[in-house]
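Here is a short briefing on a predicted model. Read it with the structure open, and follow the topics one by one.

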Amino acid sequence: MASIRILDPIVASRIAAGEVVERPASVLRELLDNSIDAGATKISVYLEQGGIKNLTVTDNGSGMSEEDLLLSCESHATSKVKTLDDLFSLKTLGFRGEALSSISSCSKLTIDSNSKRIVVDNGEKSSILPGSTDKGTSVSMEDLFENIPARKIHLKRPQSEAAECKKVFIEKALGFPEIEFLLFSEGTLVLHLPKADRQNRCVQIMKQDRAFMPAKILEMSFEGDNEKLYAISSDPSCYRRDRGQIKVFVNNRIIDSYQLVLAITNAYSAALPGGAFPYFYLFIEDNPALVDFNIHPAKRECKLRNQSQIYGAITNMIRNALIQKPQQEVRQEPLFPQGPSSEPSTWSSPSVSEKPSRPYSPSSKPFDPSWFENAKTILAKDDKKRAASEVSTTKVVPGYRYIGQLFNTFLLVELDDKVLFIDQHALHERLLYDEIKSLKDVQRLIVPYEFEVERSVDDFLQENSMIYADFGIELTRKEPLLWEMASMPAACRKNEEKIVSFIREQTGDIESAQKGLFAIIACHAAIKAGDELDSYTAKSLVEKCFELDRMVCPHGREFSFSITKEELFKRVGRIV
Ligand SMILES: Nc1ncnc2c1ncn2[C@@H]1O[C@H](COP(=O)(O)OP(=O)(O)OP(=O)(O)O)[C@@H](O)[C@H]1O
Ligand SMILES: [Mg+2]
């Protein structure tokens, strides 16, 4: 073995930089933090080739003196922390004095502040030069990892890097609504978020999500001894199939917290169909003395000493908002500002609430009040008791009469002294779901389907790819963050993309990953609402329906209801 020697400072700083600088998005996170800490009220971000070629952040904050400019790229150089005690009363996002030093060791960094400029090219620092930014600071990173090919090959395609950068940009903007943010990519303005209050900033961001449906917004809050909670959420009629829009902030910094996300999803579980997750932005203001961010290189994790109180507070806050006073909590449309920003017209229409929702139940979503009422009732009920009581009413009952189809969506059945309404699409989906569960017909792909995943999904898959194997989905990890699908259920023929995009978003919860996958497979082949059915098909569906123990679709939604003869008679003033 060679003898021990002290590393060359440049090599040492590059190794240390690996912790902080992973890709353009991690650089962007650090530069935005610095602009925010400098008190900026307007921040612009410019990306070229997803930030790999150039990533520039310009702010109108305090700027730096010449002396500070010279020091800023040194390791452990910070204006934010002086003593150890300061770490426990942090008001700033930065505190290590490492970010600029790390970035400048693996790219060419130009910092322009208060009319002075400094350039640090892969660790080589220039003297002070004349600059062109007179108020505030502009930091520009060029050619990330150009001198470190071993790291450069791990960067993704520019579009993927740009998407990661946009995600970071959005997360920062959520934390600081009082700041105006602009994002330019390849010279084009892709996102402009004017200064707003917290609620409107959340709405600005929700609208950016492609799956977001116009929905009412729930606002909720809680105040404890050490912690204040505030959350904005879509009402349960608008949801996603993954947790991508559940975001938790502690003292304005986004964190990855499996525990707190679990508190949110658990509290919502009875109000949402299986495998569905809310849009939920939670802002926790915690006593800085109880929070430690100094445990993760990118500050994405933190230790909360009052985590169990916060967990309980989240649960109660959500349940109260869903059960007790939804009417007061729900704000009326239009919530979307009608300003000059480039909003599609669908968003600024005052009648957004009437727009059709997901294909699942097009006529009633998202503003079907009974659906919301149902969710509340389910929340209040004991799940097991409910299942037991329903078994008796849904067993095979001979002697029904099929009346016909209503709106090409419901099957109408007369049964004893009731009329039964059955959602045909949901019923068929449920039948297929059961069938797929028992059938495992697998199709091998001629060319395996390669796909990239985020780190959290990579971790999840490494531990849980077996759940997919159970369905005939064979997954292999080619390299970190790169996977390949070699086979899939035959029922999903030609739907590789859908399956892969589902897999790419699943983390954390095995049961909902399984349920969601079933639902996708089944939904793909199911009869849709709006399809006209012949009476033979309809009757065979109805008969199979009677064989089910519970009339619940794979998403967990009940798909039938009945009206009694007595109720009908009462409506017209008749006595039964
Ligand atoms: N946009 C900016 N405006 C004003 N000052 C800045 C800006 N960016 C950096 N600085 C100054 O440079 C110093 C070093 O920044 P750097 O990001 O390396 O460390 P930090 O923010 O103090 O800590 P961390 O490593 O946790 O981010 C900061 O403490 C700050 O004084
Ligand atoms: Mg910093």
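Three strands form an open sheet in the order β23-β25-β24, and their pairing is antiparallel. β23 (442-452) and β24 stand at the edges with a single partner strand each, so one side of each has no neighbour in the sheet. Neighbouring strands here are turned by 20° against each other on average, direction ignored.

- β23 and β25 run antiparallel and are joined by seven bridges.
- Q443 has M488 in β25 as its bridge partner.
- Helix α15 (residues 455-469) packs on this sheet and touches β24 and β25. The direction of α15 makes about 155° with that of β24.
- Strand β24 (residues 474-479) is joined to strand β25 (residues 482-489) by five bridges, and the two run antiparallel.
- β24 and β25 form a hairpin, with two residues between them. In the turn, L481 has a positive phi of about 70°.

**The four-stranded sheet**

- Another open sheet has four strands in the order β20-β21-β22-β26, with antiparallel pairing.
- Its edge strands are β20 (401-406) and β26, and each pairs on one side only.
- Neighbouring strands of this sheet are turned by 20° against each other on average, direction ignored.
- β20 and β21 run antiparallel, joined by five bridges. Y402 has V413 in β21 as its bridge partner.
- Helix α18 (residues 535-547) packs on this sheet, where it touches β20, β21 and β22. The direction of α18 makes about 115° with that of β20.
- Strand β21 (residues 410-415) pairs with strand β22 (residues 418-423) in the antiparallel sense, over six bridges. One pair of bridge partners is L412 and F421, the latter in β22.
- β21 and β22 form a hairpin with two residues between them. D416, in the turn, has a positive phi of about 50°.
- β22 also pairs with strand β26 (residues 560-564), in the antiparallel sense and over five bridges. Here K418 stands opposite T564 in β26.

**Around ligand 1**

- How many residues surround ligand 1? There are 26, and the closest are N34, A38, T78, G94 and A99.
- α2 (24-37), α4 (99-105) and β7 (137-142) each supply at least two residues of this shell.
- α2 gives the largest share of the shell, four residues.
- By class, the shell has seven nonpolar, 12 polar and seven charged residues.

**Helix α2 against helix α6**

- α2 also packs with another helix. The axes of α2 and helix α6 (residues 158-175) come within 8 Å and cross at roughly 25°.
- Angles under 35 degrees count as roughly parallel, and α2 and α6 are therefore roughly parallel to each other.
- The crossing of α2 past α6 is right-handed.
- On the α2 side, P24, A25, L28, R29 and L32 make the contact. On the α6 side, the residues are E161, E164, C165, K167, V168, F169 and K172.
- By class, this contact of α2 with α6 has seven nonpolar, no polar and five charged residues.

Conventions
Residues are numbered from 1 along each chain as its sequence is written. Chains are lettered from A and ligands numbered from 1 in the order in which they are written. This is a predicted model: local features need pLDDT of at least 70, side-chain atom pairs count only at pLDDT 80 or more; totals for chains, interfaces and linings use all residues. Two strands pair if DSSP finds at least two bridges between them. Axes are lines fitted to C-alpha atoms, for helices over the stretch in contact, and angles run from 0 to 180 degrees between N-to-C directions. Two residues are in contact if their C-beta atoms, placed from the backbone, lie within 7 Å. A residue is near a molecule or strand if its C-beta atom, placed from the backbone, lies within 6 Å of it. Ala, Val, Leu, Ile, Met, Phe, Trp, Tyr, Cys and Pro count as nonpolar, Asp, Glu, Lys and Arg as charged, and the others, Gly among them, as polar. Angles under 35 degrees count as roughly parallel, over 145 as roughly antiparallel, 65 to 115 as roughly perpendicular and the rest as oblique. A crossing is left-handed if the near helix is turned anticlockwise from the far one by less than a right angle, and right-handed if clockwise.
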